[in-house]
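Me: I would like to learn how to read a helix and a surface patch in a structure. Could you take me through them slowly?

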Amino acid sequence: MLSTMPNIDTKLKLKISGLTRSARIMRAMTFYIPVIILVLLVLTAIFAPWLAPHDPIKVSLLERRLPPAFVEGGSMKYLLGTDSLGRDILSRAIYGARISLSVSLLVIAATAFVGTALGIAAGYLGGRTEAFLMRFTDISMAFPGLVLAMLLSVSIGPGFFTVVLALSILGWAPYARLIRGETLRLRNSDFVAQARINGASAWRIMLIHIFPNVINPLIIVMTMAVGFMILAEAALSYLGIGIPPPDPSWGSMVADGRGDIDRAWWISTFPGILIALVVLSGNFFGDWLRDKMDPRLRQL
Amino acid sequence: MADILLEGRELTKYYPVTKGLLQRVIGYVRAVDGISFTIEHGKTLSLVGESGAGKTTAAKAVLLLERLTSGTILFEGKDVYKFSKSQLKTQYRPRVQSVQQNPWSSMNPRMRVRDIIAEPLVVNTKKTKEEIRSRVLELLDQVGLSPDQADYYPHEFSGGQRQRIAVARALALNPSLVVLDEPVSALDVSIRAQIMNLLKDLQEQYNLSYLVIAHNLATVRFMSHSVAIMYLGQIVEYGEAEALFLKPLHPYTRALISASILTLPEDEDQNVQKIILSGEMPSPLNPPPGCRFHTRCSEAIDICSKVPPEVRTIGTQQVKCHLYDDPGVQSASSK
């Protein structure tokens, strides 16, 4: 009788923890793999000059559209092949990480900050403040984005900060909408009423009682936006109003290879894979972060 | 009566009802319609009534969460509405605290218990971190929680424990008056007695006044010194708790009491006849003429549907009912 006890005990523990061994490994993987990918990409972006085997913008017309090393006809000199101007795709992808990641992170930080601040202010203060801010948001959403980007590009010249500015001006409105909705829900909650009974100022309520409770949806939207911003930057680059050539960004690389997709698939495919990796990793990481930041889910 | 802490005089709250694109006002919901009450130092007043009777609106008015349409609230003899913003912040808000009905929603889920209880202190006092820390531990001890629970989040507690936390928060500033909005109705029956006992102990210890909002008469009877029965925005009967429960005068009060399992062994009449009220409470948008209760009253007489009754004082009770207009009717209808 007694000898069976430990056995029961371990089985029980598994049941209590709610997860089988393989499920827990899966859960750990969905955290570690995306984090490792993201860290590697960020390190790649930082150390690009040391990692890239070739100059990313050096044209070599004799070596156009060389296939990757592991495909017949490829050489070890260009591991991922070359594009239509004979530039090394690996080197361009490594340098492209710099531009693509920094554009999307900067834009997300700026839009989330502005959108959250305006959303909370509109939702909590109500009245005319809300009416004004929300009409402003509507106007921003109704404004054709490409026209604005072109306008900026023409007036201050194309470049990195023009792209960041254009995408930021276009991107904050959805945050403001979302956060305002969440704030409206929280404004009528019992604990906000309690804070008002205590005499807490509007500032304090917005900062301490409302902001921490809108972080969940905020993080989800922010991580979803990583991929979207990389694609948006690509779209601008494709139209010639993004990062000016020959500087590489993943988006412009995909766009460059579009015409050659039938004879040189590798030109678009490798930067495309990178974009997909970042988007997926960002989403998984966002899910994990959201669970971590919610005290109600932390123990699970 | 020099011992009065807070007095409400002829409080009314009308909510405008608007219609159409131009927000034309088509009428008013008379949530609270001319109620008066007094709360003495160290005593408990309960506001009792069905949903929609206006008791929560009255409590919100006392907490200054709703601006009244008319009427005055006197706090220690001073008109609360004449306080300046800074006077409110120093002389009124810290001294009038509240415990809300639902302990699951009255706390910020992102804050630790330590910070939840400390919130009133942080907002209203200039205490140092160390002083606040020790005060929080003291408060936890007073409401029967242990100091090591200070770093937990609210979701890690049961309903009863959460209500204890809410009580600790309400006491943080040493208030004079605590508004208890259905303090135990969201709790399991087995926990209610604990919380009510805690509240009574604290009342004795600190000479606290309570304004209790409740619909459960057992709670009210256990907690209160005086009781105001509300119906459709008006107080229909008001008096000392024991007297009112033993000898309810207003037909509505009698119906409420007969509907609850409330009789104690020492009560004379163990077989109180059940009075079942029919129908719903009429809309406060368009209250019936005369006595507001006459549509559901089993003892209604002709005059009830025409003339609003005046307040009559009978013993320690005040009642708004035509049955007591003529002193001769009084004895006949009290049973």
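**A patch and a helix**

Reply: We can start with A:Ile46, which lies in helix H2 of chain A; helices here are DSSP runs of H or I with at least four residues, numbered from the N terminus. This is a predicted model, in which local features need pLDDT of at least 70 and side-chain atom pairs count only at pLDDT 80 or more, while totals for chains, interfaces and linings use all residues. Residues are numbered from 1 along each chain as its sequence is written, chains are lettered from A and ligands numbered from 1 in the order in which they are written, and side-chain values use heavy atoms, with hydrogens and water left out.

Me: Why does A:Ile46 count as partly exposed?

Reply: Buried means under 20% relative accessible area, exposed over 50%, and partly exposed in between, with a 1.4 Å probe and protein chains only. A:Ile46 has 46% relative accessibility, so it counts as partly exposed.

Me: Which helix gives the most to the nonpolar patch?

Reply: H2(A) does, with 7 residues, and the patch also takes at least two residues from helix H3 (48-51) of chain A.

Me: Which residues of H6(A) are buried, and where do they lie?

Reply: As a general idea, an α-helix has 3.6 residues a turn, so residues three or four places apart point the same way. In H6(A), the buried residues are A:Leu148, A:Ala149, A:Leu152 and A:Ser153. Seen down the helix axis, they fall within an arc of 135° (taken from the directions from the axis to the C-beta atoms), so they line one face of H6(A). The face turned away from that buried side carries the exposed residues A:Leu151, A:Val154 and A:Ser155.
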